[in-house]
Amino acid sequence: MAPGESGVARAAQELTRALGWPGAGAAGEDAAPPPGELPAADATLVLTNGRLAGSALETVEAALGAGRPCRVVDLRTLTPVAQVRDWLAFYVIGALHVTGPREPEQPGIYAASAPWLHQLLAPLAAGGEALNATAAPQD
């Protein structure tokens with residue numbers, strides 16, 4: 001992770017490392033795929049606090065264009081975590097790409113995404129399930 005990196009990617013990286021899951025996040029700016037390209041994963045989860053733009057929007061378009069399951073969660077709408085957990089189970093996702101805007105683009109996104117991701121993923125870890133979760137920073 002690059003110095004000062006924040007936002008959804010950081011929240012995902014910190015949580016997956018804390019859970020001890022394999023593939024626990026990208027290791028910085030150099031590990032991020034070029035805009036419009038996706039890391040190896042079964043699906044993409046994008047967390048946001050409002051309108052998507054820039055690289056986060058390009059990631060959604062690339063995932064959909066590749067036929068990859070993609071879910072966008074606007075944290076302002078209080079999407080039930082159970083709905084997204086059901087989505088993960090429906091697609092039998094083993095490797096999940098978690099991404100979204102950086103803190104400067106959407107102030108407060110780290111604080112909103114960290115507990116939401118914990119609610120989503122910690123019960124899976126407690127149940128002995130493991131995802132290979134990656135988090136790529138977005139421009």
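H1 and H4 are roughly parallel to each other, a word that applies to angles under 35 degrees, while angles over 145 count as roughly antiparallel, 65 to 115 as roughly perpendicular and the rest as oblique. Their axes cross at roughly 30 degrees and come within 9 Å. An axis here is a line fitted to C-alpha atoms, for helices over the stretch in contact, and the angle runs from 0 to 180 degrees between N-to-C directions. The crossing of H1 and H4 is right-handed.

Before going on, two remarks on what you are looking at. This is a predicted model, where local features need pLDDT of at least 70 and side-chain atom pairs count only at pLDDT 80 or more, while totals for chains, interfaces and linings use all residues. Residues are numbered from 1 along each chain as its sequence is written, and side-chain values use heavy atoms, with hydrogens and water left out.

Which residues of H1 meet H4? From H1 they are Val8, Arg10, Ala11, Ala12, Glu14, Leu15 and Leu19. On the H4 side they meet Ile109, Tyr110, Ser113, Ala114, Leu117, His118, Leu121, Ala122 and Ala125. Contact means heavy atoms within 4.5 Å. By class, the contact of H1 with H4 has 12 nonpolar, 2 polar and 2 charged residues. Nonpolar covers Ala, Val, Leu, Ile, Met, Phe, Trp, Tyr, Cys and Pro; charged covers Asp, Glu, Lys and Arg; the others, Gly among them, are polar.

Two residues from that H1 list, Arg10 and Glu14, also form a salt bridge with each other, the closest N and O atoms being 2.7 Å apart. A salt bridge is a side-chain nitrogen of Lys or Arg within 4 Å of a carboxyl oxygen of Asp or Glu. Why can Glu14 and Arg10 be described as about one helical turn apart? Because they are 4 residues apart in helix H1, which covers residues 8-19. Glu14 is partly exposed at 31% relative accessibility, and Arg10 is partly exposed at 29%. Buried means under 20% relative accessible area, exposed over 50%, and partly exposed in between, with a 1.4 Å probe and protein chains only.

The count by this rule is 2 salt bridges. The side chains of Arg76 and Asp74 also meet in one, at 2.9 Å from N to O. Here Arg76 is exposed, at 58%, whereas Asp74 is buried, at 16%.

Now H4 again, with another partner. The axes of H3 and H4 come within 10 Å and cross at roughly 50 degrees. That makes H3 oblique to H4. The crossing is right-handed here too. Val81, Val84, Arg85 and Leu88 of H3 meet Trp116, Gln119, Leu120, Pro123 and Leu124 of H4. Those residues divide into 7 nonpolar, 1 polar and 1 charged.

Most residues other than glycine have a negative phi. Leu78 lies in the loop between strand E2 (70-74) and helix H3 (81-90). Val92 also has a positive phi, of about 50 degrees, although it is not a glycine. This residue sits in the loop between H3 and strand E3 (95-99). Leu78 is exposed, at 71%, and Val92 is exposed, at 69%.

Strand E2 holds Cys70. Is Cys70 buried or exposed? It is buried, at 18% relative accessibility. Leaving out residues up to four places away in sequence, Cys70 touches Thr44, Val60, Ala63, Leu64 and Trp87. Cys70 and His97 are 27 residues apart in sequence, and their C-alpha atoms are 9.3 Å apart.

Last, the whole chain. There are 4 helices and 4 strands, in the pattern α-β-α-β-α-β-α-β along the sequence. Helices (H or I, at least four residues) and strands (E, at least two) are DSSP runs, numbered from the N terminus. Of the 139 residues in the chain, 48% are buried. Among contacts between residues at least 6 apart in sequence, 81% join residues at least 24 apart.

Notes. Left-handed = near helix turned anticlockwise from the far one by under 90°.
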